[in-house]
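This report describes how two chains meet, starting from one side chain and widening to the whole interface.

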Protein chains: 2
Amino acid sequence: MTTEQRSSGRRRNPATRAAILATAFDVVAELGYAGLTMEKVASRAGVGKQTIYRWWPNKGVLVLDAVLERTAGGGEPVELPDTGDLEADLAAVLVATVGELADPGFDRALRGLTAAIIEDAELARAYHERLDAPMRELKKRRLRRAQEAGQLDADVDLDLAVDLVFAPVAQRWTVRSGDLTPEGARAVVRSALRGLAAR
Amino acid sequence: MTTEQRSSGRRRNPATRAAILATAFDVVAELGYAGLTMEKVASRAGVGKQTIYRWWPNKGVLVLDAVLERTAGGGEPVELPDTGDLEADLAAVLVATVGELADPGFDRALRGLTAAIIEDAELARAYHERLDAPMRELKKRRLRRAQEAGQLDADVDLDLAVDLVFAPVAQRWTVRSGDLTPEGARAVVRSALRGLAAR
């Protein structure tokens with residue numbers, strides 16, 4: 001083990017890491033992605049700028065970690081409910097998402113991260129690997145069980161199914177094209193599943 | 001008419017306006033939204049910074065106008081096709097969108113605008129009024145005719161219908177969660193319409 005590797009072992013100091021991520025979350029929630037600088041996070045968290053740079057090479061990955069830390073499961077994707085009622089299970093997940101987005105701080109931090117992802121293909125890849133792909137896999141697993149139970153069309157592409165169920169709420173949030181409500185979320189799931197149902 | 005009003009009449013100098021918007025489009029396509037400054041656009045377009053500020057009070061509305069100018073119809077929403085075959089008509093629109101997004105310059109400029117919209121509620125309102133709402137109205141008009149012809153469920157909410165048909169491709173583009181293909185776009189339309197069909 002080289003000195004450098006031992007040094008990067010400091011990444012695991014949980015209190016400092018938590019303090020930096022909590023501060024980064026607050027800064028992006030307050031000032032937006034463009035307003036966040038490593039200097040500002042360092043000074044508010046009471047650490048040296050080099051400490052942040054050692055663990056997070058740029059502000060994109062810092063904001064990604066900060067948002068992941070606050071999502072349900074602390075960035076560890078959570079298995080979808082399976083009561084046997086596919087519509088109720090998917091609606092529960094989507095209604096919970098609508099609830100998370102109703103929190104102004106979480107809304108603004110996620111807007112900061114999403115704005116960065118849109119323009120930064122490398123950060124988008126990290127987001128995909130860390131959150132989007134594992135979440136998508138769990139959604140597909142739930143849909144696959146429904147497909148095997150004959151509740152979904154056997155020919156349906158499960159990536160398309162995930163998009164049909166989850167994209168309408170996400171996109172409405174992204175461009176603010178309408179209100180997000182639990183009723184609206186349930187209506188999306190109902191229509192999407194009708195479109196994907198076994199014939 | 002006051003002097004100020006006459007002065008704002010200069011907005012209609014079409015050559016200068018077109019040069020500024022074309023330059024702003026190129027700058028955001030090249031450097032992203034954060035990299036665009038009014039100074040840079042002014043210097044590249046060969047106009048004074050004050051000329052730009054007189055017509056566009058901030059870079060958000062400048063980028064909005066620049067992108068609108070390049071979209072089909074020059075920002076004037078175009079009526080959807082109506083051949084009587086709803087699935088083919090919606091697929092044609094969505095496949096054309098996929099084609100537009102395959103142009104790297106347009107892709108990057110639209111990413112810049114979308115990143116700005118995500119964090120800026122006021123710009124999002126302007127985008128909504130100028131582009132999203134009129135486009136949505138035309139989409140709903142096409143869907144309403146299909147509903148009246150008995151092709152869509154009479155109870156279906158047309159805003160939900162628009163989201164179900166158009167959001168999956170838009171969201172996949174936004175977070176780069178998968179490839180955009182004409183075949184994928186057609187499959188989305190097919191499943192969405194099945195979900196919205198008259199019972």
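In this predicted model, the side chain of Arg172(A) has a polar atom 3.0 Å from the backbone oxygen of Asp179(A). The place of Arg172(A) is in helix α9 of chain A, residues 158–175, where helices (H or I, at least four residues) are DSSP runs numbered from the N terminus. The side chain of Arg172(A) also makes a polar contact with the side chain of Asp163(B), at 2.8 Å; a polar contact is a pair of N or O atoms within 3.5 Å, and within protein one must be able to donate a hydrogen and the other to accept it, while residues adjacent in sequence count only if both atoms are side-chain atoms. Apart from neighbours within four places in sequence, Arg172(A) is in contact (heavy atoms within 4.5 Å) with residues of both chains, including Asp179(A), Leu180(A), Asp159(B) and Asp163(B).

Residues are numbered from 1 along each chain as its sequence is written, and chains are lettered from A in the order in which they are written. Because the model is predicted, local features need pLDDT of at least 70 and side-chain atom pairs count only at pLDDT 80 or more, whereas totals for chains, interfaces and linings use all residues; side-chain values use heavy atoms, with hydrogens and water left out.

The two side-chain pairs are set out below.

| Pair | Kind | Distance |
|---|---|---|
| Arg172(A) and Asp163(B) | polar contact | 2.8 Å |
| Arg172(B) and Asp163(A) | salt bridge | 2.8 Å, N to O |

Between chain B and chain A the count is four salt bridges, each a side-chain nitrogen of Lys or Arg within 4 Å of a carboxyl oxygen of Asp or Glu. Twelve residue pairs are in polar contact across the interface, with both residues at pLDDT 80 or more. On the side of chain B that touches chain A, the largest share, ten residues, comes from α9(B).

The contact takes 41 residues from chain B and 42 residues from chain A. The buried area, meaning the accessible area (1.4 Å probe) that two parts lose on being put together, summed over both, is about 3400 Å², and carbon and sulfur atoms give 56% of it. In chain B, Ile118(B), Glu119(B) and Arg194(B) lose the most area to chain A, together 22% of what that side buries.

Methods. Helix = DSSP H or I, 4+ residues; strand = E, 2+ residues; numbered from the N terminus.
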